[in-house]
Amino acid sequence: MFYLSKIEHTLRLPPHLLNLPINQAIKGELEGLFLDKVIADLGLCISIYDIHSIDGGFITPGDGASTYTVMFRMIMFRPFVGEVIAAKLKESDREGLKLSLGFFDDIHVPEHLLPMPKQFEPESGNSNQGRWIWEFNGDNYPIDAVDEIRFRVHHVTYPSLPVEQEKASKPFAPMIVIGSLDADGLGPISWWV
Amino acid sequence: MHHNIYLRSSDFLFRFTSIYFCPEFLKAKCLMNCEVALILERKYEQLQQMSDDPVNQVSQVFEKSLQYVQRFSRYKNPDAVRQVREILSRYELAEFELCVLGNLCPETVEEGIAMVPSIKSRGRVHDDEAIEKMLTDLSLIKKFE
């Protein structure tokens, strides 16, 4: 779900930007700071919506930059538990599915949240990757990358930044959505139309 | 030496908000995909007018979000989008219920309840007839796009 969140931020405007009109310079700094970043419990920042006020402009001793307190609104992407969202299939393996929205990728549907009874059909030559198939009333309904897939948000976590990461570990995901396909109306659209 | 620079933020404030000011969104805390599409499209047009090189200015998250909301909105016309919010606001819905219904556009009462089970929970005013009327009103907007 997209929300408008009002945020207050104290911003340091580096001196090389002082020749630009103030609103443009501040907007540029805010965009560099916030866009495509996750704020814990607020979600993923998509875009600045408007700037409500810019206060300050003081230069503290010893600093070349001026400091502003900015109140502004941003469009945030923040899924809530129970929300039904349409996504595309990114990966499918024994552990479940990975779905993507294009601008946000960390959506997992673990295998225990897939509709039952289900079966895993491994790809030839690679026993970990494969397709999941739902068996209903004697028919087989596979989960393919063709349709849009509707899932229900099961829960959302915001893991804290790791202090150190080993070289081979997966890139850090600041917001993880766990989804479920286990209800009426969920799964590939072609199952229900 | 201590330098103070006082800015008249009111000048800049007016110029800036006039670009993005949309009164209909002031009351909205949640935004439907179609509303976000209008906002981002308007912003993209602004960028194109203001700069010679709009493609570079646009970040990846902006482009991908725009793609997503354009792909998953049922209503493209700004009047239609306004109507959707207006119609759904007539029923006693929470902000998020309104937005999920506007995003998914269920065609039947069963689908609507499956997508947003909270509209039918105990103590709510909505019976099946009211829900059906609401969904019918929604589907009528699509036809006149």
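Reader: Where in chain A does A:Gly179 sit?
Author: A:Gly179 has its place in strand E12, which covers residues 176-180 of chain A; strands (E, at least two residues) and helices (H or I, at least four) are DSSP runs, numbered from the N terminus. This is a predicted model, in which local features need pLDDT of at least 70 and side-chain atom pairs count only at pLDDT 80 or more, while totals for chains, interfaces and linings use all residues. Residues are numbered from 1 along each chain as its sequence is written, chains are lettered from A and ligands numbered from 1 in the order in which they are written, and side-chain values use heavy atoms, with hydrogens and water left out.

Reader: Okay, is A:Gly179 buried or exposed?
Author: A:Gly179 is buried, because its relative accessible area is 0%, where buried means under 20%, exposed over 50% and partly exposed in between, with a 1.4 Å probe and protein chains only.

Reader: And which residues does A:Gly179 touch?
Author: Apart from residues up to four places away in sequence, A:Gly179 touches A:His108, A:Val109, A:Pro110, A:Leu113, A:Phe151, A:Arg152 and A:His154, a contact being heavy atoms within 4.5 Å.

Reader: Switching to chain B, what is it built from?
Author: Chain B has nine helices and one strand, and from the N terminus on its elements run α-α-β-α-α-α-α-α-α-α. Of its 145 residues, 43% count as buried.

Reader: Which domains does chain B have?
Author: The assignment gives domain 1 (2-30 + 76-143) and domain 2 (33-72), with bounds that come from an automatic or database domain assignment. Ten residues of domain 1 are in contact with ten residues of domain 2, and the two domains bury about 990 Å² between them, 57% of it on carbon and sulfur atoms; buried area is the accessible area (1.4 Å probe) that two parts lose on being put together, summed over both.

Reader: How many residues of H7(B) are buried?
Author: Eight of the ten residues of H7(B) are buried, so this helix is mostly covered, and B:Val100 and B:Asn103 are among them. After H7(B) comes B:Cys105, which has a positive phi, near 45 degrees.

Reader: Why does B:Asn103 count as buried?
Author: B:Asn103 counts as buried because its relative accessibility is 12%. Leaving aside neighbours within four places in sequence, B:Asn103 is in contact with A:Met1 from chain A, as well as with B:Met32, B:Asn33, B:Phe72 and B:Arg74.

Reader: How many residues are in contact between chain A and chain B?
Author: In chain A, 43 residues are in contact with 44 residues of chain B, and the area buried between the chains is about 3,700 Å², of which carbon and sulfur atoms give 64%. On the chain A side, A:Phe2, A:Tyr49 and A:Arg150 lose the most area to chain B, together 17% of what that side buries.

Reader: Last topic: what lines the largest pocket?
Author: The largest pocket is lined by 30 residues, and A:Arg150, A:Ile189, B:Arg74, B:Leu104 and B:Glu111 lie nearest its centre. On a 1 Å grid over the protein atoms alone, a pocket is an open set of points where a 1.4 Å probe fits, with protein on both sides within 12 Å along at least five of seven lines, and lining residues have an atom within 4 Å of a point. H8(B) gives the largest share of the lining, four residues, and domain 1 and domain 2 of chain B each supply at least three.
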